[in-house]
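Open the model in your viewer and keep the selection tool ready. The tour moves from one selection to the next.

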Amino acid sequence: MKKMNVLYTKTVDNIPLSIRDHAKRLFFVVIASVILGVNMKSFVEAGGLFPGGFSGLTLLIQKSAAQFFQISLSFSLINFLLNAIPAVISFRMIGKRFTIYSCIMIALSSILTDMIPSIPLTDDILLICIFGGIINGFAISLCLIGRATSGGTDFIAVALSEKMNIDAWNYILAANACMLVVAGMLFGWDKALYSILFQFASTQVVHLLNTRYKRTTLFIISDQSEMVYENIRDLTNHGATLFRGVGLYNGQQKNMIYSVISGDEVKMVTKRVHEVDPKAFINILKTDQVSGNFYQRPND
């Protein structure tokens, strides 16, 4: 390596969201709401489980009120009240549009849970835990793709991920386990322990599908280094570093662009790089942690 130059990013002006983008976000939110509502009535209710987050807490309160006080409470009412404070925090910390779409998600999924009749698909509790958890995680992932959440602890997870640049979903799993301890003491440990399997499956699916808060390092060898960098900058607002060296195979001068981007931007960037330079060589590495200034595209 003979020389290293740093290429700086330019500030990108905020561009108003298009109608197409709003429609796309709303589509993901509505589909995720329907899947969550159906999953609650087909898997969660059939297994007597307590899903993660405020949905599980809502079911715990609803079931406790019915069993110990003979009071029938609406799922929607409890869920709305529990999410009121996190929604306010989200509005201030994350953004207005993000919170509005999340509230649409909360309202639709809650109303559908009250309206959809119980439709159990199987009596096998293990199948309910595994497939119910997978479906639950898939629905939450769709919601996150639409830059919204299903509310409650998801608000907290996204806020932690944005403000502290950490993947908070496994921490949320630990917090949910505390709620299940209470559920186990009140309604039996078998349902609580099965609910942990449900939540674990759900959390792992979200962790797998939601790559937004994962970091990826790119090493790109290209003769079109300036154009490659311009595309990285325009697509992601990330900077890059240019290394100049010599290819040992043929002794020719080579340029290598080094950049760290978000996991969900990798396919978009690599596709554009190959459009600019079909002969570009790209090494993609998983990055566990980044220390320093890293641009995180806002959810709002």
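Start with Arg233, which is buried at 14% relative accessible area. This is a predicted model. Asp234 itself counts as exposed, at 54% relative accessibility.

The count of salt bridges comes to four. Two others follow.

Select Glu45 and Lys41. They form a salt bridge, and their closest N and O atoms are 3.0 Å apart. Both sit in helix H1 (residues 19-47), four residues apart, so about one helical turn separates them. Glu45 is partly exposed at 41%, whereas Lys41 is buried at 11%.

Go to helix H10 (residues 266-276). Glu275 and Arg272 lie there, three residues apart, about one turn of the helix. Their salt bridge has its closest N and O atoms 3.7 Å apart. Glu275 is exposed at 52% relative accessible area; Arg272 is partly exposed at 32%.

Next, the surface. Select Ile61, Phe68, Phe69, Ile71, Leu73, Val181, Val182, Met185, Leu186, Trp189, Leu193 and Ile196. Together they form a nonpolar patch with about 1100 Å² of accessible area. Helices H2 (53-68), H7 (169-187) and H8 (189-209) each supply at least two of its residues. H7 gives the most, with four. Pick out Phe69, in the loop between H2 and helix H3 (75-93). Phe69 is exposed, at 58% relative accessible area.

Last stop: Ser141, in helix H5 (residues 125-145). Is Ser141 buried or exposed? Its relative accessible area is 3%, so Ser141 is buried. Beyond its neighbours within four places in sequence, Ser141 is in contact with Val205, Val206 and Leu209.

Methods:
Residues are numbered from 1 along each chain as its sequence is written. This is a predicted model: local features need pLDDT of at least 70, side-chain atom pairs count only at pLDDT 80 or more; totals for chains, interfaces and linings use all residues. Side-chain values use heavy atoms; hydrogens and water are left out. Buried means under 20% relative accessible area, exposed over 50%, partly exposed in between (1.4 Å probe, protein chains only). Contact means heavy atoms within 4.5 Å. Patches are made of residues with over 30% relative accessible area and no salt bridge: like charges are joined within 9 Å, nonpolar side chains (Val, Leu, Ile, Met, Phe, Trp, Tyr) within 5 Å. Accessible areas come from the Shrake-Rupley method with a 1.4 Å probe; for residues, only the protein chains shown count as cover. A salt bridge is a side-chain nitrogen of Lys or Arg within 4 Å of a carboxyl oxygen of Asp or Glu.
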